[in-house]
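The sequence and the coordinates are displayed below.

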Amino acid sequence: MSTLVIVESPTKARTIRNFLPSDHRVEASMGHVRDLPSSADEIPPAVKGEKWAHLGVNIEADFEPLYVVPKNKKKVVTELKKALKQADELILATDEDREGESISWHLQDLLSPKVPIKRMVFHEITREAIRKALSDCRNIDMQLVHAQETRRILDRLVGYTLSPLLWRKISSGLSAGRVQSVAVRLLVLRERQRRAFRQGSYWDLKAILDIQHTSFEARLVTLANSKVATGSDFDPDTGQIASGRNVRLLNEADAKELKARLLGKNWRVSSVDKRLVTRSPSPPFTTATLQQEANRKLGLSARDTMRTAQSLYEQGYITYMRTDSVHLSDQAIVAARSSVEQKYGSEYLSPTPRQYKTKSKGAQEAHEAIRPAGSSFHTPSDTGLTGREFQLYDLIWKRTVATQMAAARITQIIALLLVEGAGFRSTGKRIDFPGFFRAYVEGSNAALENQEVILPPLKVGDRPNCRELEAIGHETQPPARYTEASLVKTLEKEGIGRPSTYATIISTIVDRDYAQIINKALVPTFTAFAITSLLEAHFPDLVDTRFTSRMERTLDEISTGEVDWLPYLREFYSGETGLSNQVKEQESQIDPKLARTVELVGLEAKVCIGRFGAYIEVDNGSGVLKASIPKDLTPDRLDSEQVEALLKQKASEPEELGQHPETGDTIYLLNGNYGPYLQLGDGDSEKKKKPKRSSLPKGVTPDLVSLEMALGLLALPRFLGSHPETGAKVQAGLGRFGPYVVHDQGKEGKDYRSLKKDDNVLTIDIQRALELLAERKKSRNSRSKKPLQELGTHPSDGEPVNIYDGRYGPYVNHGKINAPLAEGTAVEEVTLEIALELLAAKASTSSTRRKSSKSTGTKKTSARLPEASAFSAPSGGHKQ
């Protein structure tokens, strides 16, 4: 008897094949084998004329979905049907969630098997889990299928009903989505808050005090028994102290006058408060919390996190990665506690096994949190994983193991000091027992050594000496924009969408240009403002977080059989106040001109959405002036001064600086989306050859640019000569980190050195370049303390590799990379080879973060040049 087992991916198929009997054949469906039509080409001719055909859902026949097999899946389906003919039994082993249940149902419906069918589910791919699942198969759960199908139909109805409206009223190619539009609105609301924000300023004092040859810091908190104002006392809408706050606001003069009065005076410790606190570990990962921590700690996007987690699951390293449960099985708890004992010792175990309760109403306790797979956990170093997979597995392993570790015990110390009627506060934190901190500390810059702030042993009546006293000015900051991590946290908290869809939602928002990622922050575009304003005015429920959350709860209730899916769809779409009638009523009331116009508080100019992006429109009395808005000009920064500059820039014609002496091409000084830049000639449109361009260095204004400077910039990188030892070329150029010289040996590699402050990239010669190249590269993390052991030099750059003694044990250092030694490893046992392996594993984290930022960065049309301080204009460099 032969059995056909169908899973979603080839990787999952390869892994599961190892744990099944030899007469079981495993094939992959490559995800969904059919779906609603994605384009008009996929609509069958028989229904193409139906008025509902464009939706892919027959709203006239109980919302019957029109399922089609995409062209790229037809070969897969043919192969699966062929394999089924040779089988005596079919096992559908797709993922255990609603989407996986739906895929199994589609396979059953499409393949129409004439042999017995079983549904096999498991939450980890290990021999034990697969064998157990094989003996405990069930039928397809139609409640889960209906819940997933309802969600799919609902999303299609919302998207395909509202998106055409946006095309007609704002611009073609736009889209709306049931969860996507709510997420975009969250970004827009935060940007509106930033525009409304008014900055406030305040001053205080910082003291550096000495006692018993130990220094510590203290901050001014009271003056004449009145609290000194801090940032939290300001009203963000006025930039003034908020109503009802009884505080003393210091300006610069006040602070400096107080500083002068306190210098040389006697300081006294008036109170010391010590509080013992305990901190317990966070729950194991869910889909949402994994995305948040991977973004904070590893710099991974939600999409990259889920791709990597999917790969780890399919290879059998972790349990199923789409879950909102924090439950751990008894097997997992035993494995985690065993890992704690082996790696950290029994004193680090929690007194009793620790279990977590899932708070989400829609979570399924039958599912587990994301954890290492199996009845015993492989340590990260034993997996053989590399790159992102190693980093993410390491994160999951540590978080899971930490759940069964003892609580951290901390002493918090608050010391108050008095001097001439001014009160200062000094705070410290001492870790008495690190507990789970040894394995895992939550947050972006989390490291055990960063958790402590050590104060000297202070007691009431002590009189420390004031070594330094500084008056410091502060400015209040606008509300922080959402990052991927904070947006995921908010969506989950508000109950909007499913955590498994967050990665797709964020990717869609960015890919469709509704937001751009700037320094990890999600910044909404002006198009996002226009879409949000239209939906708020005419379809407020669809972008209301509470309405969307209630909808999500209803979909969960459909999966449990508490709500019937068909009546719900009818009411939502075809009811008296349903989406279909809303669109019909509202469309005639929407003026396209107004819909394309974004009204910004405090700005007289109008922002409009056009075919090629956003632009400003100003009526100066004699006509309407228009100017494109650069992509890097964010909505919160657009003010009257920026409008004036954009209009002035638009009015100015491209300036001709002169002709290139060799080619005769004209050199232009132009303005673009990313600021002023130089251009050589006009290019060749027939040959699709673009002209050479170079942006101006930051801080160099157009009035400083001469023809000589322009020729020099357009000539970079320039050849200086050949290296006397290798014969390879030496060049000078400008890069991301400023001006440089490079010894380019082709396949042998490139050796870079940054120019010094007095060097000029346009005039540096070969002799000076060779001097710089001969200098040893400086370590970015040079240390003054003596190493415990010097192991030698790193083969990649000749930099020293040493072992140092740290607060929490010895570690290997190379440049800016520190790698702790394994628990119980003696310093004398560590060779250079062992150290290089430790450093390579540690370096993979920062390497992946850099690659991730490159992949998500905005592509610019002109090269970045250094700041003016790193670029000395040659003599005669002023414009004639």
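Is N225 buried or exposed? In this predicted model, N225 has a relative accessible area of 82%; N225 is therefore exposed, since the cut-off for that class is over 50%. The residue sits in the loop between strand 8 and strand 9 (226-228), and its phi is positive, near 65°, although N225 is not a glycine.

Strand 8 and strand 9 run antiparallel and are joined by 2 bridges. In this pairing L223 has S226 of strand 9 as its bridge partner. The two strands form a hairpin with 2 residues between them, and A224 in the turn has a positive phi of about 55°.

A hairpin is also formed by strand 7 and strand 8, again with 2 residues between the strands. Here I211 stands opposite T214 in strand 8. Q212 counts as exposed because its relative accessibility is 54%.

| Partner of strand 8 | Bridges | Direction |
|---|---|---|
| Strand 7 | 6 bridges | antiparallel |
| Strand 9 | 2 bridges | antiparallel |
| Strand 13 (residues 422-433) | 4 bridges | antiparallel |

In the pairing with strand 13, R219 has R425 as its bridge partner.

A further backbone feature concerns a peptide bond. The bond from L716 to P717 is cis, with omega near -5°. P717 is located in the loop between helix 20 (707-715) and strand 25 (718-722).

How values were computed
Residues are numbered from 1 along each chain as its sequence is written. This is a predicted model: local features need pLDDT of at least 70, side-chain atom pairs count only at pLDDT 80 or more; totals for chains, interfaces and linings use all residues. Side-chain values use heavy atoms; hydrogens and water are left out. Buried means under 20% relative accessible area, exposed over 50%, partly exposed in between (1.4 Å probe, protein chains only). Two strands pair if DSSP finds at least two bridges between them.
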